[in-house]
Amino acid sequence: MGNSIFSLEGRFGRKQYLLYFVIACLLVMVGGGLSGISEQLGMALYWVMALLGLAVYLLATIKRLNDLEKSKLLVLLVAVPLVNFVFFLYLLFAKGTLMKK
C-alpha cells in the first residue's frame, strides 16, 4: 500500500507523475462534461469530480516530492499563480533520487 495514490508515503517517478496528472485533468474534464446534465445535479457532479481530480493531483505531487527528497510543504506552491507552472515543469523534468536502503 506504500505506493497507493491515496497514501502520503511512497515515491512517484516522472512517468507516474505525468500519468496521474493526466488522470486528474481527465477527471476534471469529465466533470465539466457532466455539468450539462442538469443545472443542480450537473454542478454537483462537476464539483465532486473536480475535487477528486485535485486530490489525485495533490497526492501525486506529494509522492513526486518524496522522490526528489523535498519537503511535502512545497505542495503549497501549486496554489501560487505562475509559480505553479514552473513548479510543475520542475517536478516533471527533475531526476529523482536513488532509494536509500
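Predicted model: local features only at pLDDT ≥ 70, side-chain atom pairs only at ≥ 80, totals over all residues.
Trainee: How many helices and strands does the chain contain, and in what order do the elements run?

Mentor: The chain has three helices and zero strands. Read from the N terminus, the elements run α-α-α. The C-alpha atoms fill a box of roughly 55 × 35 × 20 Å along the principal axes. Of the 101 residues, 31% count as buried.

Trainee: What span does helix α1 reach from its first C-alpha to its last?

Mentor: One compares the span with the value expected at 1.5 Å a residue. Helix α1, residues 14-34, has 21 residues and reaches 30 Å, close to the expected 30 Å. For α2, with 29 residues, the span is 42 Å, close to the 42 Å expected. Just after α2, E69 takes a positive phi of about 55 degrees.

Trainee: Which residues of α1 are buried, and why do they lie on the same side?

Mentor: The general idea comes first. An α-helix has 3.6 residues a turn, so residues three or four places apart point the same way. In this model, the buried residues of α1 are Y17, A24, L27 and G31. They cover an arc of only 80 degrees around the axis, which puts them on the same side of α1. On the other side, K15, M29 and G33 are exposed.

Trainee: Against what do the buried residues of α1 pack?

Mentor: Their partners are α2 (39-67) and α3 (83-93). Each pair of helices may be read in turn, by the angle and then by the residues in contact.

Trainee: How are α1 and α2 oriented to each other?

Mentor: An angle over 145 degrees counts as roughly antiparallel. The axes of α1 and α2 cross at roughly 170 degrees and come within 7 Å; the two helices are therefore roughly antiparallel to each other. Residues of α1 in this contact include Y17, A24, L27 and G31, and those of α2 include Y46, M49, A50 and G53. By class, the contact has 16 nonpolar, five polar and two charged residues.

Trainee: How are α1 and α3 oriented to each other?

Mentor: These helices pack at an angle of about 135 degrees, with their axes 8 Å apart. The helices α1 and α3 are therefore oblique to each other. From α1 the contact takes R14, Y17, L18 and F21, and from α3 it takes F88, L91, L92 and F93. Seven nonpolar, no polar and one charged residues make up this contact of α1 with α3.

Trainee: Where does V28 lie, and which residues does V28 touch?

Mentor: V28 lies in helix α1. With 30% relative accessibility, V28 counts as partly exposed. Leaving aside residues up to four places away in sequence, V28 touches Y46, M49, A50 and G53. The C-alpha atoms of V28 and L58, which are 30 residues apart along the chain, are separated by 14 Å.

Trainee: Is L73 buried or exposed, and where does L73 lie?

Mentor: L73 lies in the loop between α2 and α3. Its relative accessibility is 63%, so L73 counts as exposed. The C-alpha atoms of L73 and I62, eleven residues apart along the chain, are separated by 8.4 Å.

Note on methods: Residues numbered from 1 in each chain as written. Heavy atoms only, no water. Helix = DSSP H or I, 4+ residues; strand = E, 2+ residues; numbered from the N terminus. Expected span 1.5 Å × (residues − 1). Buried < 20%, exposed > 50% of the residue type's maximum accessible area, 1.4 Å probe, protein only. Arc of directions from axis to C-beta. Contact = heavy atoms within 4.5 Å. Axes fitted to C-alpha atoms, helices over the stretch in contact; angles between N-to-C directions. Parallel < 35°, antiparallel > 145°, perpendicular 65-115°, else oblique. Nonpolar A, V, L, I, M, F, W, Y, C, P; charged D, E, K, R; others polar.
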